[in-house]
Amino acid sequence: MRFRNALLLCSLAATVVLAGCSQTTSTTGPAPEGQKIATNQIFSGGYGAVEDHGYAVPAIPINRVDSRFHRQIVDYPTKERPGTIVVNTPNRFLYYVLPGGKAVRYGIGVGKAGFAWEGEAYVAWKQEWPTWHPPKEMAERKPEVAKYVEGGMGPGISNPLGARALYLFNDEGRDTLFRLHGTPEWASIGTAASSGCIRLMNQDIIDLYSRVRPGKGARVVVQQ
C-alpha cells in the first residue's frame, strides 16, 4: 500500500462508527485505566484541497453540506467492539466505534430504493485510488458504463469510487459486491442516490481508510 503524505496526516485525523444512536440502547463499560478517550468535536475544517499520491482532491464547499454530515466525534454507547463499523442507513450516518462510548460519525450517501441492503460483513481488503468495475447488472441498466465491466475505469478524480474503497465480504468469504468508498459527488451525501454502495466524501473516506485494518475483525453492521 502507498503511504499518504504528511498533509493528510495533519488534516485528516478523526475516527468513524456506523449506526443509529436511536437504535442503540446498550452502554459500554468504563475504559481501561490509562486509555485515552476521544473528545467530542466536529472536523468542519478538514475538507480543504489535498494532494494525494499525485491526485489533486478538490476542496468541498462544506458550508453547503448540512453540519450533521460533517465528520465528528460523538457519544455512541454500544456493545460493539472498538473498530466496528456501523452504518445507519435511515439517518445517513456511518460510525466507527471508538473506546469509551465514543465514535467517529461520517455523513454518507446510501442506496436508492430497490438497492438498499442490510446485514453484516467484514472489510476483506482496501484500495487507494481504486479501479472501478461496474457489475454487469448496472451495465444492463446503464449501457454507457458497459465498457468498464471488464477493463474497469482507471483511478482518478472522476472515478465513482473516489479516493479509497473498502471491499465487503460475507462470513463465507464471498464478495458482497458492496463497498464503502469515496465520491466526487459531495452533494449526494445525506441522500439515497447510489446503486447500493455506501459513499463518503473523499476527505472522509481517506480518514476512515487509515483507521481500518482489513480482516474478519473489521466487522461492518448495516442497519435499515
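Residues are numbered from 1 along each chain as its sequence is written. Because the model is predicted, local features need a pLDDT of at least 70 and side-chain atom pairs count only at pLDDT 80 or more, while totals for chains, interfaces and linings use all residues, and side-chain values use heavy atoms, with hydrogens and water left out.

**The whole chain**

Of its 224 residues, 49% count as buried, where buried means under 20% relative accessible area, exposed over 50%, and partly exposed in between, with a 1.4 Å probe and protein chains only.

Next, colour the chain by pLDDT, the predictor's confidence in each residue from 0 to 100. The average is 84, and 83% of the residues score at least 70. Select residues 1-29, where the pLDDT is below 50, although this stretch has 118 contacts in the model beyond near neighbours in sequence; a contact means heavy atoms within 4.5 Å. Where pLDDT is low, the predicted coordinates should not be read in detail.

Most residues other than glycine have a negative phi. Select Arg 92, found in the loop between strand 5 (85-88) and strand 6 (93-98), which has a positive phi of about 65° although it is not a glycine. Then go to Leu 177 in strand 11 (residues 175-183), where phi is again positive, at about 75°; the residue is exposed, with a relative accessible area of 55%.

**Helix 4 and the cores**

Now select helix 4 (residues 202-211), which is mostly covered, since eight of its ten residues are buried. Among them are Ile 205, Ile 206, Leu 208 and Tyr 209.

From here, turn to the largest nonpolar core, which has 32 residues and in which Ile 85, Leu 94 and Leu 208 have the most contacts. Helix 4 gives the most to this core, with four residues. A second, separate core of 14 residues includes Ile 60, Phe 69, Tyr 95 and Ile 189. A nonpolar core is a set of buried Ala, Val, Leu, Ile, Met, Phe, Trp, Tyr and Cys residues joined through side-chain atoms within 4.5 Å.

Arg 213 is exposed, with a relative accessible area of 73%, and its C-alpha atom is separated by 8.3 Å from that of Trp 125, 88 residues apart along the chain.

**The largest pocket**

Finally, show the surface and look for the largest pocket, with a volume of about 670 Å³. Of the 29 residues that line this pocket, the closest to its centre are Trp 132, Pro 135, Met 138, Ser 195 and Cys 197. Strand 11 gives the largest share of the lining, six residues. On a 1 Å grid over the protein atoms alone, a pocket is an open set of points where a 1.4 Å probe fits, with protein on both sides within 12 Å along at least five of seven lines, and lining residues have an atom within 4 Å of a point. Grid points are joined across faces, edges and corners, and a volume is the space filled by probe spheres set on the points.

Definitions and conventions
Helices (H or I, at least four residues) and strands (E, at least two) are DSSP runs, numbered from the N terminus.
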